[in-house]
Amino acid sequence: MDVDIQACIDGDPRAWDQFVTRWSKLIFSAVNRAVLRGPGAGSPRDLVEDIVQEVFVRLIKDDCRLLRTYDPARAGLSTWLTLVARSVAIDRLRRKARPVRSLEASEETLAVARTPEDQPTADTPSIPLHVLTSRQRLVLRLLFDEERSVEEVARFLAVDPQTVRSTKHKALSRLRAHLSLQPESPGMGRSG
Amino acid sequence: MSNLLPHSDDLDFWRLYDTSVPARPANVACPPLLELAGYVDDRLDGAARERLEAHLSDCLECRDAIVHARGALESVASSGDVASPLAVIRRARTLRARGTRGRHVLRRIGRWGVAAAFAALAAVGGLEAGAATSGPQTTVETALQDELSFGLLDETRFEDDPLITWPVELGVESGEEQ
C-alpha cells in the first residue's frame, strides 16, 4: 500500500489514516527494539506505545516539519522511519533516566566496552589511524572494538564477508608497516 | 562460531594501542538521519559513502543506529516481529484528526468573516441581517479553544532536551546509548 506523504502533509485525514496503518507496526517494532536495548530492564508495553505515539506526534508537529524533511530520492521511507523511531525512543529513555544518572555515569555507559585490563594507560600510544582509509578504520572498529563477527560486519557494510576479511588484512598490514618504521613501537616485530 | 571472531593475534595487536574514542566525536555534528538511512539503503554515492564511513569509524552512536535499523527492518520483514498495535493505530489516527482541524477551522473563519463583514455593513445600513452571524461566531470560539488546548499539550510534552544535540537537519538526534 503506497501512502501519499504529500497528502498527509496537506492535512488529508484519509492519507494520515493510511500512513498510520501502513507504518505503525514498523515504528512499534523499532521502538520496542530500542527500549529493549536501552537503560532499564524489559520493554513495558505502555512505555513503548507511548513512545510510538510520540513518534507520530513528532512527524506532524509544527506543520509536519519533520515529515517534510523526508526525501524519497535519498532513502526508503521504512528505513528513515526506523531511524526516527529509534531516535525518539532514545531521547525518551534518556529523559526518563536522567534524574538518577549522573553525566559521568552516562559517559561510562557510552564508552566503548573494554575490560579493566584493556583500558589504555597514559603511556599507551595512540594507534595511527590516519594511515588507514575510512572503510579500513570502520572495519577494525567493528571487528575489534565492538567484537562483531565478520558476518555481522559484512551485513553492516552490505558487502561480502570476504571483502571484510580482505579489508581487515590490508588495514592491519598497513598499520604494521607504518609502525615498523616508528622507533620503540609496541607493535614492532609482531606478525599476524 | 569462534572462526567468525577476529583473530586473537590481531586483537592483541589492536589492544597494544589506545584506540578508544568517545561514543560521539566532540564538536562534530552527526549526519542527518536521512543520510544514515541512505547508507542503510545503499543510496549514497562513493564520496558520500566514504564521508559517512569516516564519521562512523569515530562515532559509536551512529554505528549503533545503523545496526539497529538493519535489525529492525530485517525483523519486521522476516517474522512480523510484534503484534499489530491496534491501540496505537487508534491513538495516532485521532492525533492527526485533531492536528488538522485547525486548517478546516481557519477556512470556516474565512467564510464566516466575510459573512460577518456583510452583516456589519447591513446593520449599519439598517438592514436586519445581524442574526445570521451569531451562531457561527460561537462555534468558532469553541473550535479555537480546542485547538489552543491541543497546542499547549503538544508543547509541554516535547520540551527541548538541553543535553541532547537535536538540530542536525531533522530536529532529531541520531545517537543511542549502549
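In what order do the elements of chain B run from the N terminus on? Select chain B and trace the elements: α-α-α-α-α-α-α. That comes to 7 helices and 0 strands. Helices (H or I, at least four residues) and strands (E, at least two) are DSSP runs, numbered from the N terminus.

This is a predicted model, in which local features need pLDDT of at least 70 and side-chain atom pairs pLDDT 80 or more, while totals for chains, interfaces and linings use all residues. Residues are numbered from 1 along each chain as its sequence is written, chains are lettered from A and ligands numbered from 1 in the order written, and side-chain values use heavy atoms, leaving out hydrogens and water.

Stay on chain B. It has 178 residues, and 43% of them count as buried. Buried means under 20% relative accessible area, exposed over 50%, and partly exposed in between (1.4 Å probe, protein chains only).

**Stop two: an aromatic cluster**

Go to chain A. Select Trp16(A), Phe19(A) and Phe56(A), which form one aromatic cluster. Rings of Phe, Tyr and Trp (its six-membered ring) pair if their centres lie within 6.5 Å; planes under 30 degrees apart count as stacked, over 60 as edge-to-face and the rest as tilted. Over all chains, this rule gives 5 aromatic pairs. Trp16(A) and Phe19(A) are stacked, because their ring centres are 5.3 Å apart and their planes at 15°. Both sit in helix H2 (residues 13–37) of chain A, 3 residues apart, or about one helical turn. Phe19(A) is buried, at 0% relative accessible area.

Now turn to Trp16(A) and Phe56(A). Their ring centres are 5.8 Å apart and their planes at 85°, so this pair is edge-to-face. It links distant parts of the chain: Trp16(A) is in H2 and Phe56(A) is in helix H3 (residues 45–68), 40 residues apart. Are these two buried or exposed? Both Trp16(A) and Phe56(A) are buried.

**Stop three: two helices crossing**

Show H2(A) and H3(A). Their axes come within 9 Å and cross at roughly 130°. Axes are lines fitted to C-alpha atoms, for helices over the stretch in contact, and angles run from 0 to 180 degrees between N-to-C directions. The two helices are therefore oblique to each other. Angles under 35 degrees count as roughly parallel, over 145 as roughly antiparallel, 65 to 115 as roughly perpendicular and the rest as oblique. Finally, select the contact (heavy atoms within 4.5 Å). Residues making it include Val20(A) and Ile27(A) of H2(A), and Val52(A) and Leu59(A) of H3(A).
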